[in-house]
Structure formats: C-alpha cells, structure tokens
Amino acid sequence: LLLVFMTSYTSFKLRFLYATIVCWTIIGLYEISATAISHTALSILLTDNFFYISANLMGMFTIYQRELYQRKDFFRNRLLQNLEREKHNLEKNQMHLTVERAIASHRESEEKFRTLAETAAMAIFIHQGGNFLYANHAAEVIGGYTVDEYLTMHFMSLVHRDFVELVKMRARERLTGNSDMPAQYEFKLVRKDGEERWVLMTAGI
C-alpha cells in the first residue's frame with residue numbers, strides 16, 4: 001500500500017499543494033466510507049488510518065522534495081542566465097567604451113597633428129602611391145598650389161625632370177627597407193608658376 005501511494009504521487013508528478021489536497025481527500029473519503037457505510041471495527045480503522053496516513057505523508061514528502069529540488073534548479077538556472085546576461089552586457093559596454101576611447105584618442109592625435117602641421121614653417125605632405133592625401137599651408141607657399149589642387153596631383157609632378165629618377169630610386173629603397181638610405185636629400189621642384197626651387201626633403205614610411 002505504501003509503495004502504491006508513493007508510486008502514484010511520483011508518477012503523476014503532482015505539485016505539493018495538489019498532492020496534499022488529494023492526500024487528505026482520500027483519507028477523508030476513507031473515514032466516511034469506513035464509519036458511515038461499512039461500520040469498520042475501531043481496531044481495524046486505527047490500523048488502516050495508520051497505514052493510510054503514513055503512506056500519504058511519505059508520498060507528500062517525496063513530492064515536496066522533488067518540487068524543492070525543481071525550484072532550486074529553476075532559481076539556479078535563472079541566476080546563471082542573469083549572470084550570463086550581465087556578463088554579456090558588461091563586456092558589450094566595456095567594448096563600446098574601449099572603442100569610444102580609441103576614437104577619442106585618434107581624434108585627439110589627429111587634431112594635434114593638424115595643429116602642428118598647419119603652424120609649421122616647412123611643407124608637409126602625406127601621399128599614398130604618389131597621390132597626395134594631405135598638404136599643409138606651408139606647402140601652398142612653397143609649391144604655389146592650393147591644398148585642393150595638391151589633392152588632385154601626383155607627387156612626381158612637382159619634381160624637376162632632372163631629379164625624377166633620383167626621387168624614384170630613393171622611394172624604392174625606402175619601400176624595400178634599406179636602412180642605409182639617408183632620410184634626407186635635396187632635389188629641385190617646379191612651382192606652379194614654373195619657378196625652380198631647391199628643397200631638402202625628409203621622407204618616411
């Protein structure tokens with residue numbers, strides 16, 4: 001009988017509240033039928049009550065333990081999910097902050113460079129593949145071209161024809177990583193108005 005009740009509770013997987021209601025309902029129905037209908041003897045009634053109540057209590061205890069573990073697992077899983085979500089949000093915010101700092105640092109460096117370059121007395125060029133990407137105000141004075149004009153020009157168009165091969169050779173040596181090649185050298189450039197000027201160029205990669 002004990003095994004029957006315990007197996008019934010665990011098989012149907014009732015919640016503790018419903019198991020309690022079913023338990024005492026069964027006992028109540030038994031008491032009514034035993035006393036009012038079959039007029040069971042007192043000794044038998046007491047013995048049956050002991051077994052019924054014992055079986056139901058053990059079944060209720062089994063249900064309670066299982067439901068307790070389920071609740072613990074549920075809250076543990078919910079806690080782990082919340083921790084994972086918080087970790088993800090923290091990593092996302094930290095990554096966003098890192099990117100924002102990098103952008104701010106880049107902008108600050110760019111502003112410092114522009115301030116230095118625009119106030120320098122020497123011409124400063126930045127080019128890629130020979131095409132100008134940047135020219136400062138001093139470059140306008142030395143070459144006679146505006147910054148907008150420089151951005152549409154090739155660097156070799158400024159070099160005097162007698163020095164084109166020299167400038168190309170120095171550029172190739174720098175690109176191949178020749179450390180013996182001096183960083184500074186002189187050559188002639190041709191201004192927009194046709195005037196020729198000697199310049200001392202410091203090149204870097």
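Predicted model: local features only at pLDDT ≥ 70, side-chain atom pairs only at ≥ 80, totals over all residues.
How exposed is D73, and what is its relative accessible area? D73 comes out as partly exposed at 38%, where buried means under 20% relative accessible area, exposed over 50%, and partly exposed anything in between (1.4 Å probe, protein chains only). Residues are numbered from 1 along each chain as its sequence is written, and side-chain values use heavy atoms, with hydrogens and water left out.

D73 has a charged partner: R76 forms a salt bridge with it, the closest N and O atoms being 2.6 Å apart. A salt bridge here is a side-chain nitrogen of Lys or Arg within 4 Å of a carboxyl oxygen of Asp or Glu, and the count comes to seven. R76 and D73 sit about one helical turn apart, because they are three residues apart in helix α3; helices (H or I, at least four residues) and strands (E, at least two) are DSSP runs, numbered from the N terminus. R76 is partly exposed too, at 44%.

Further along, R191 pairs with E195 at 3.4 Å between the closest N and O atoms. R191 is buried at 13%, whereas E195 is partly exposed at 35%. Salt bridges with shared partners tie R191, D193, E195 and R197 into one network. Another salt bridge joins E196 to K188, at 3.5 Å, with E196 partly exposed at 40%.

On the aromatic side, there are eight pairs, counted when ring centres of Phe, Tyr and Trp (its six-membered ring) lie within 6.5 Å; planes under 30 degrees apart are stacked, over 60 edge-to-face, and the rest tilted. F163 and W198 make an edge-to-face pair, 5.3 Å centre to centre with 80 degrees between the planes. This pair links distant parts of the chain, 35 residues apart: F163 is in the loop between α5 (147–150) and α6 (164–175), and W198 is in strand β4 (residues 196–202). F163 is buried at 16%, but W198 is exposed at 54%. Y185 and F187 form a tilted pair, at 5.9 Å and 40 degrees, and both are buried. Elsewhere, F125, F132, Y145, Y150 and F155 form one aromatic cluster.
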